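Subject: Structure handover

Hello,

Here is the structure I promised to pass on. Please open it first, then read the notes below.

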Amino acid sequence: MNMDERQIQIRGRIFFHTMAGLIIVLLCAAFIQDFGIYDIVNKIGFSDFLISIVMLASAYASCALLFKDAYFGMHSQQQMTFFMIFFFIITIIDDVLFVSDRLRGETLTMIIAASLVMVNAISISFLCMRRRQNRN
Amino acid sequence: MSKNLKVKAARAAMDLTQQGLADRVGVTRQTMNAIEKGDYNPSIRLCIAICRVLHQTLNDLFWEEEE
């Protein structure tokens, strides 16, 4: 079954909010860089910064879509379980890599922090969704 | 928006679950739940589909009397 009208409406609204937020953050970053408040390009890295921002935006969009029951491609309980397991595996791998990096004394970069936030947020959202569905 | 108890009552009268009604009108159970709770304002096309399945008119299910 395709998305119904409520889900399409919600997706449009969430994508709009995500895009608007992304534009605002990028504009703020440009001003911060130009006015010399913080040297994003040299201290974080231009590509790292952009990728991190996109990761955080996609984390927001994914969580919002999950909480509104409008996440992509989840038309059945089996598909939801598949996505959930997939994200849990990725989260565990990411968390283990993060801990091992910290134990080795490596510095935490923005891109790693953003990826951690993204996968953990999506996994927790899946967990909340599943609990809510079981309650209903 | 207030709860739409008329849809809920008509659905219960036909012994249909939210999932059953949702399947018949081609939406998800969550959307039916949102309509009954008054969280979502359905399109006229969806309203008509619900009315057809529940053998009711638009007035019966979706018209709100002014207070």
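α1(A) passes α2(A) in a right-handed crossing. Please keep in mind throughout that this is a predicted model.

**Chain A overall**

Chain A has four helices and zero strands. Read along the sequence, its pattern is α-α-α-α. The C-alpha trace of chain A spans about 50 × 35 × 20 Å along its principal axes. Chain A has 136 residues, and 32% of them are buried. Take the contacts in chain A with a separation of 6 or more: 74% of them join residues 24 or more positions apart.

**Helix pairs in chain A**

Helix α1 of chain A covers residues 5-34, and helix α2 of chain A covers residues 40-67. Their axes come within 10 Å and cross at roughly 165°. An angle over 145 degrees counts as roughly antiparallel, so α1(A) is roughly antiparallel to α2(A).

Which residues meet here? On the α1(A) side they include A:I14, A:F15, A:L22, A:V25 and A:L26. On the α2(A) side they include A:F49, A:L50, A:I53, A:Y60 and A:L65. By class, the contact of α1(A) with α2(A) has 17 nonpolar, three polar and one charged residues.

Now look at α2(A) and α4(A). Their axes come within 8 Å and cross at roughly 5°. Angles under 35 degrees count as roughly parallel, so α2(A) is roughly parallel to α4(A). The contact of α2(A) with α4(A) has 20 nonpolar, five polar and two charged residues.

**The cores**

Which residues have the most contacts inside the largest nonpolar core? They are A:I14, A:L66, A:Y71, A:M118, A:I122 and A:F126, in a core of 19 residues. Helices α1, α2, α3 (77-103) and α4 (110-135) of chain A each supply at least two residues of this core. A:M118 is worth a click. Leaving aside neighbours within four places in sequence, A:M118 is in contact with A:M55, A:S58 and A:A59.

There is also a second, separate core of 17 residues. Among its residues are B:L16, B:M32, B:L46 and B:I50.

**Chain B**

Helix α2 of chain B (residues 18-25) packs against helix α3 of chain B (residues 29-37). The angle is about 110°, and the axes are 8 Å apart. Angles of 65 to 115 degrees count as roughly perpendicular, so α2(B) is roughly perpendicular to α3(B).

From α2(B), the contact uses B:Q18, B:Q19, B:L21, B:A22 and B:V25. From α3(B), it uses B:R29, B:M32, B:N33 and B:E36. The residues of this contact divide into four nonpolar, three polar and two charged.

Is B:A10 buried or exposed? B:A10 counts as buried, because its relative accessibility is 8% and the cut-off is under 20%. Leaving aside neighbours within four places in sequence, B:A10 is in contact with B:L54, B:Q56 and B:L61. B:A10 and B:N33 are 23 residues apart along the chain, and their C-alpha atoms are separated by 14 Å.

Best wishes

Technical notes: Residues numbered from 1 in each chain as written. Chains lettered and ligands numbered in written order. Predicted model: local features only at pLDDT ≥ 70, side-chain atom pairs only at ≥ 80, totals over all residues. Heavy atoms only, no water. Axes fitted to C-alpha atoms, helices over the stretch in contact; angles between N-to-C directions. Left-handed = near helix turned anticlockwise from the far one by under 90°. Contact = heavy atoms within 4.5 Å. Nonpolar A, V, L, I, M, F, W, Y, C, P; charged D, E, K, R; others polar. Core = buried A, V, L, I, M, F, W, Y, C linked by side-chain atoms within 4.5 Å. Buried < 20%, exposed > 50% of the residue type's maximum accessible area, 1.4 Å probe, protein only.
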